[in-house]
Amino acid sequence: MMSRYYFIINPVNKTKANSLEIEIHSFFSNRKDDYQISFSNNSIHLKKLTIDAVKQNVDIIIACGGDGTISEIGQVLINTKIKLGIIPIGSGNGISGHFKIPNNFSKALEIIVKGSSKKMDVGKVDNRYFFSNIGFGIEVEFIRHYVQSNIHGFYGYMVSFFRSLFSYKSSFFQIKVENKNISIRPYILMISNTNKQGYGISLSPNAKTNDGILNLIYLKKSNIFNLFYLIILVLLRFSIKKKSNVKYMELREFKITSKNNYINLQIDGEFVFSPKNELVVSVIPDAINVLC
């Protein structure tokens, strides 16, 4: 039985995007499957292409990009029968890393046409879904610098990280879980659904996308030397879970409140400004089918 594939390519890296297009045409040249390739111009266009693909009743939509591309496309596919394929051509590629999808185009395409999929839990913050993680601490400042710098890849990550170390000012948050209230002023405050955050780095190595649980990680406000020490441990793939000023929680739903009149956050690597000072975070089990 023939399948209908719809590839949506985010051409931030034009070289990779053009190489992928050639590889797709070559891969399907001897197959009878129907496929279509579209290039997105921006996030709005990305969503429009996805909606158009859904209306065409395609079987599989393939997100070709990084975590942000997967997130934008996935927003439209929640609770549909359309499967999500992934070809990683982004910077960090945390979601594809979690599902062990290779960067090699041919091998990634083989996974897609094989058709084997897994149900994936999806997080929800206010009215938006997230697939890998959301953050409220220094990771937000890092994303803000990364977007402003327009420098992509690992070098851009490093430059943005060191800038954020000196510009970040921690805020007070209150987390309400059932009848408990937790007041924190964090350096890092991340809620993770996957066990990878990009470039193989992981703050939540035990996270699973099929357990109906989100992993909350926060690092209490500390001196910069201690922060450096913990970051080096993470980069070297050591666990920081048992460190005294690092806390882990497993949650299904909670409310987060800021003492400011707004909340800055990052959602799957995208900077987001919320005009509210209170947000509800929850998990939706088995919300999407991912080819892997």
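This note goes through the fold, the surface and the nonpolar cores of a predicted model.

1. Basis. The model is predicted, so that local features need pLDDT of at least 70 and side-chain atom pairs count only at pLDDT 80 or more, while totals for chains, interfaces and linings use all residues. Residues are numbered from 1 along each chain as its sequence is written, and side-chain values use heavy atoms, with hydrogens and water left out.

2. Overall form. The protein chain has 8 helices and 16 strands, these being DSSP runs (H or I, at least four residues, for helices; E, at least two, for strands). Its radius of gyration of 19 Å agrees with the value near 19 Å that a compact globule of 292 residues would have, where the radius is taken over C-alpha atoms and the globule rule is 2.2 Å times the number of residues to the power 0.38. Along the principal axes, the C-alpha atoms fill a box of roughly 60 × 40 × 35 Å.

3. Burial. Of the 292 residues, 51% count as buried, that is, under 20% relative accessible area with a 1.4 Å probe, protein chains only.

4. Cores. The largest nonpolar core has 45 residues, and those with the most contacts inside it are Phe-7, Ile-61, Leu-84 and Ile-87; such a core is a set of buried Ala, Val, Leu, Ile, Met, Phe, Trp, Tyr and Cys residues joined through side-chain atoms within 4.5 Å. A second, separate core of 23 residues includes Ile-191, Leu-216, Leu-251 and Leu-265.

5. Ile-87. Leaving aside neighbours within four places in sequence, Ile-87 is in contact (heavy atoms within 4.5 Å) with residues including Phe-7, Leu-20, Phe-105 and Ile-112.

Note on methods. Buried < 20%, exposed > 50% of the residue type's maximum accessible area, 1.4 Å probe, protein only.
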